[in-house]
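Hi there,

Here is the structure I promised to pass on. Have a look at it first, and then read on for what turned up in it.

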Amino acid sequence: LGKRKRWAREWVCLGHPAGSYARSKAEQWWNERSHTTCPETVQEALLMIDAGVLAKTLTLHIRPDGKFDKITKSIVADRPAEESYDMSDVPF
């Protein structure tokens with residue numbers, strides 16, 4: 001079977017308290033995609049994403065899981081080199 005393109009959403013819970021399961025998973029997700037420290041808030045993350053700190057997601061492997069689909073594997077490009085992004089507009 002050929003590959004088909006579908007949309008999928010992945011929840012990355014940056015706003016959860018430090019040490020929580022959701023926050024730990026968000027930090028793991030961020031560290032797989034960036035050389036920068038995981039931001040503390042969603043607003044910080046959006047500014048950093050606009051600056052180009054995250055690797056592009058190339059492929060997601062998904063499977064049906066009840067009402068929603070479950071992402072079982074993510075394939076991402078190499079994390080951007082630190083000199084390739086512009087953090088000058090990020091106010092922290």
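Which element do the buried residues of α2 pack against? They pack against α1, and I will come back to that pair below.

First, some ground rules. This is a predicted model, in which local features need pLDDT of at least 70 and side-chain atom pairs count only at pLDDT 80 or more, while totals for chains, interfaces and linings use all residues. Residues are numbered from 1 along each chain as its sequence is written, and side-chain values use heavy atoms, with hydrogens and water left out.

**The overall picture**

The protein has two helices and two strands, in the order α-α-β-β from the N terminus on. Helices (H or I, at least four residues) and strands (E, at least two) are DSSP runs, numbered from the N terminus. The C-alpha atoms fill a box of roughly 45 × 30 × 15 Å along the principal axes. Of the 92 residues, 23% are buried; buried means under 20% relative accessible area, exposed over 50%, and partly exposed in between (1.4 Å probe, protein chains only). The protein exposes about 7300 Å², and carbon and sulfur atoms supply 53% of that (areas come from the Shrake-Rupley method with a 1.4 Å probe; for residues, only the protein chains shown count as cover).

Helix α1 covers residues 21–33 and reaches 19 Å from its first C-alpha to its last, close to the 18 Å expected (1.5 Å times one less than its number of residues). Its buried residues are R23, A26, W29, W30 and R33. Seen down the axis, they fall within an arc of 120°, so they line one face of α1; the arc is that of the directions from the helix axis to the C-beta atoms. A handy rule here: an α-helix has 3.6 residues a turn, so residues three or four places apart point the same way. The buried residues of α1 pack against α2 (42–51), β1 (57–65) and β2 (68–76), where contact means heavy atoms within 4.5 Å.

In α2, the buried residues are A45, M48 and A51. They cover an arc of only 120° around the axis, which puts them on the same side of α2. The face turned away from that side carries the exposed residues Q43 and D50. After α2 comes G52, with a positive phi near 95°.

Leaving out residues up to four places away in sequence, R33 touches E10, V53, L54, A55, T57, S74, V76, R79 and P80.

Then try S34, in the loop between α1 and α2. S34 counts as buried because its relative accessibility is 2%. Its side chain makes a polar contact with the side chain of T36 (2.7 Å), and a polar atom of the S34 side chain lies 3.1 Å from the backbone oxygen of V53. A polar contact is a pair of N or O atoms within 3.5 Å; within protein, one must be able to donate a hydrogen and the other to accept it, and residues adjacent in sequence count only if both atoms are side-chain atoms.

Happy exploring!
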